[in-house]
Amino acid sequence: MTIKEAIKERHMVRQYTDKTIPTDIVESLNARITENNIKYNLHLALVVGNSDGIGSMAKLLLSKTVNNYIVLAGVDAPNLDEKLGYCGADLILYAQTLGLNTWWVGGMFNGKGALKNLNNKDVCVNGVIAIGYGKTQGVPHKSKTAAEISRYNGKTPQWFVDGVDALLYAPTALNKQPYVVSGDGNKVSISAGNGHFSGIDLGIGKYHFEVGAGKENFEWI
C-alpha cells in the first residue's frame with residue numbers, strides 16, 4: 001500500500017486488540033520518526049507497552065485498550081503545531097501502510113505522562129497518536145464537498161482536483177474540516193480556521209494536499 005492509497009484506507013480507530021507490534025515494524029516506525037525529527041527539528045517518539053500519554057477521559061470513555069502511542073513534541077515555536085500536524089499526518093499514513101491503525105487523540109492526552117518518555121524535557125507535548133491493531137478498521141467520516149472547501153481561478157487542473165480530494169480525507173479536530181483552499185496557476189494557499197487546533201489541522205491538510213496533488217505541480221503561498 002502506498003501513502004496515497006493509505007489516505008483512503010485510513011480511518012480513526014479507538015478500540016484496539018492486545019496484539020504486540022512486531023519488532024521489525026517498531027524499527028520501521030522509529031526510522032520514519034527519526035527522519036521527521038531530523039528534517040523538521042522535532043522530538044517525536046514512539047512509546048510501546050504503556051498508555052501514560054493517553055488522558056484518563058480518553059481511556060475511560062473511548063479507548064481502554066490503547067497500549068502504544070506516538071508523542072507529538074517539539075521546541076516551542078510559532079509554527080510548531082503546523083510541523084507536528086504535517087509530520088503526524090505522515091506517520092499515521094505510514095502506519096496504515098504497515099497494517100496498523102491510529103487515532104489522533106486530540107485534546108484528551110496526558111502531556112506530563114508522555115513527557116516522561118522523552119530524553120529532552122524542555123519541549124512542548126502538543127498531542128499524541130494512539131497506534132496499534134484495531135478491533136475494526138474504522139469507518140469513513142461524514143465529509144464536506146470539494147466545492148465547499150476549494151476554489152480555483154480559471155480551468156481547474158487535475159492535480160488541484162486530486163489535492164482537494166486527498167484533503168477531504170484528512171482528520172481534523174471534531175471533524176470540522178475547516179479548510180479553504182485557493183489555486184491560481186501553480187500557486188496554492190490554504191487556511192484552517194483560527195481555533196485551538198488550527199495549527200495542527202493546517203499541517204495535516206498541507207500534507208494530504210501535497211500527497212494528492214504532487215508537490216512538483218504547485219507551490220504554497
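Reply: Buried means under 20% relative accessible area, exposed over 50%, and partly exposed in between, with a 1.4 Å probe and protein chains only. The model is predicted, so local features need pLDDT of at least 70 and side-chain atom pairs count only at pLDDT 80 or more, while totals for chains, interfaces and linings use all residues. Residues are numbered from 1 along each chain as its sequence is written, and side-chain values use heavy atoms, with hydrogens and water left out.

Me: Is Leu174 buried or exposed?
Reply: Helices (H or I, at least four residues) and strands (E, at least two) are DSSP runs numbered from the N terminus. Leu174 is placed in the loop between H7 and strand E6 (180-184). Its phi is positive, about 55°, although Leu174 is not a glycine. With a relative accessible area of 73%, Leu174 is exposed.

Me: Is Gln177 buried or exposed?
Reply: Most residues other than glycine have a negative phi. Gln177 has a positive phi near 45° and is a residue other than glycine. Gln177 is in the loop between H7 and E6. Since its relative accessibility is 3%, Gln177 counts as buried.

Me: How are H2 and H4 oriented relative to each other?
Reply: Axes are lines fitted to C-alpha atoms, for helices over the stretch in contact, and angles run from 0 to 180 degrees between N-to-C directions. Helix H2 (residues 23-40) packs with helix H4 (residues 80-97) at an angle of about 160°, their axes being 11 Å apart. Angles under 35 degrees count as roughly parallel, over 145 as roughly antiparallel, 65 to 115 as roughly perpendicular and the rest as oblique. H2 is therefore roughly antiparallel to H4.

Me: Which residues of H4 meet H2?
Reply: Contact means heavy atoms within 4.5 Å. From H2, the contact involves Ser28, Leu29, Arg32, Ile33, Asn36 and Tyr40. Their partners in H4 are Lys83, Tyr86, Cys87, Asp90, Leu91, Tyr94 and Ala95.

Me: How do the residues of the contact of H2 with H4 divide?
Reply: Ala, Val, Leu, Ile, Met, Phe, Trp, Tyr, Cys and Pro count as nonpolar, Asp, Glu, Lys and Arg as charged, and the others, Gly among them, as polar. On that basis the contact of H2 with H4 has eight nonpolar, two polar and three charged residues.

Me: How are H7 and H8 oriented relative to each other?
Reply: Helix H7 (residues 158-167) and helix H8 (residues 198-213) have axes 7 Å apart and pack at an angle of about 140°. The contact is formed by Trp159, Phe160, Asp162, Gly163, Val164, Ala166 and Leu167 of H7 with Gly205, His208, Phe209, Gly212 and Ala213 of H8. These residues divide into seven nonpolar, four polar and one charged. The angle makes H7 oblique to H8.

Me: Is His208 buried or exposed?
Reply: His208 is in helix H8. Not counting residues up to four places away in sequence, His208 touches Ile7, Ala89, Leu93, Gly163, Ala166, Leu167, Tyr169, Ala170 and Pro171. At 1% relative accessibility, His208 counts as buried.

Me: How many disulfides does the structure hold?
Reply: A disulfide is a pair of cysteine sulfur atoms within 2.5 Å. The sulfur of Cys87 has its closest cysteine sulfur in Cys124, 16 Å away, which is too far for a bond. Cys87 is buried, with a relative accessible area of 0%, whereas Cys124 counts as partly exposed at 25% relative accessibility. The number of disulfides is zero.

Me: What is the C-alpha separation of Val105 and Ile54?
Reply: Val105 is in the loop between strand E3 (101-104) and helix H5 (111-115), and counts as buried at 5% relative accessibility. Not counting residues up to four places away in sequence, Val105 touches Ile54, Val128 and Ala130. Val105 and Ile54 are 51 residues apart along the chain, and their C-alpha atoms are separated by 7.7 Å.

Me: Which residues does Gly55 touch, not counting residues up to four places away in sequence?
Reply: Gly55 is in the loop between strand E1 (45-48) and helix H3 (56-61). Its relative accessible area is 8%, so Gly55 is buried. The residues that Gly55 touches under this rule are Met108, Phe109 and Asn110.
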